[in-house]
Amino acid sequence: MDKTAAENQIFALLARRKAGATICPSEVARALVAGSASWHELMPGIRQVAADLARNGRLVVTRGGVSVDAIAPGGPVRLGLPVPAPRRGLPY
């Protein structure tokens with residue numbers, strides 16, 4: 001699997017959603033192999049890419065609304081963009 005293609009697909013899918021929305025890693029895999037039934041094979045790689053992006057602060061990986069490691073066992077995860085921290089006023 002091409003890591004750059006996976007990253008690009010994650011961000012392309014998120015760009016099509018409203019702010020704060022998330023995607024399922026399987027959407028990324030399905031988009032990468034459009035029309036093929038082999039998307040399941042890409043899932044470990046997609047999760048690894050998501051974990052790397054999360055470690056770099058470019059992506060948030062959640063399970064039940066709680067941040068988790070994308071490759072840790074425990075069930076389905078969702079991928080979303082980080083929410084910027086609120087601004088605390090102007091420095092003087």
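Two residues are in contact when heavy atoms lie within 4.5 Å of each other. In this predicted model, residues 24 or more positions apart account for 40% of the chain's contacts with a separation of 6 or more. The chain contains three helices and four strands, and 34% of its 92 residues are buried.

**Overall architecture**
- Read from the N terminus, the elements follow the order α-β-α-α-β-β-β.
- The C-alpha trace spans about 55 × 25 × 20 Å along its principal axes.

**Surface**

**The largest pocket**
- The volume of the largest pocket is about 180 Å³.
- Its lining includes the run of residues R17, K18, A19, G20, A21 and T22.
- L14 and V60 also belong to the lining, as do G80, L81, P82 and V83.
- By residue class, the lining of the largest pocket comprises seven nonpolar, three polar and two charged residues.

**Residue Q9**
- Q9 is located in helix α1, which covers residues 3–15.
- Q9 counts as buried because its relative accessibility is 16%, and the cut-off for a buried residue is under 20%.
- When neighbours within four places in sequence are left aside, Q9 is in contact with R16, V28, A31 and L32.

How values were computed:
Residues numbered from 1 in each chain as written. Predicted model: local features only at pLDDT ≥ 70, side-chain atom pairs only at ≥ 80, totals over all residues. Heavy atoms only, no water. 1 Å grid on protein atoms, 1.4 Å probe; cavity = no way out; pocket = protein on both sides within 12 Å on 5 of 7 lines; lining within 4 Å. Points joined across faces, edges and corners; volume = space filled by probe spheres on them. Nonpolar A, V, L, I, M, F, W, Y, C, P; charged D, E, K, R; others polar. Helix = DSSP H or I, 4+ residues; strand = E, 2+ residues; numbered from the N terminus. Buried < 20%, exposed > 50% of the residue type's maximum accessible area, 1.4 Å probe, protein only.
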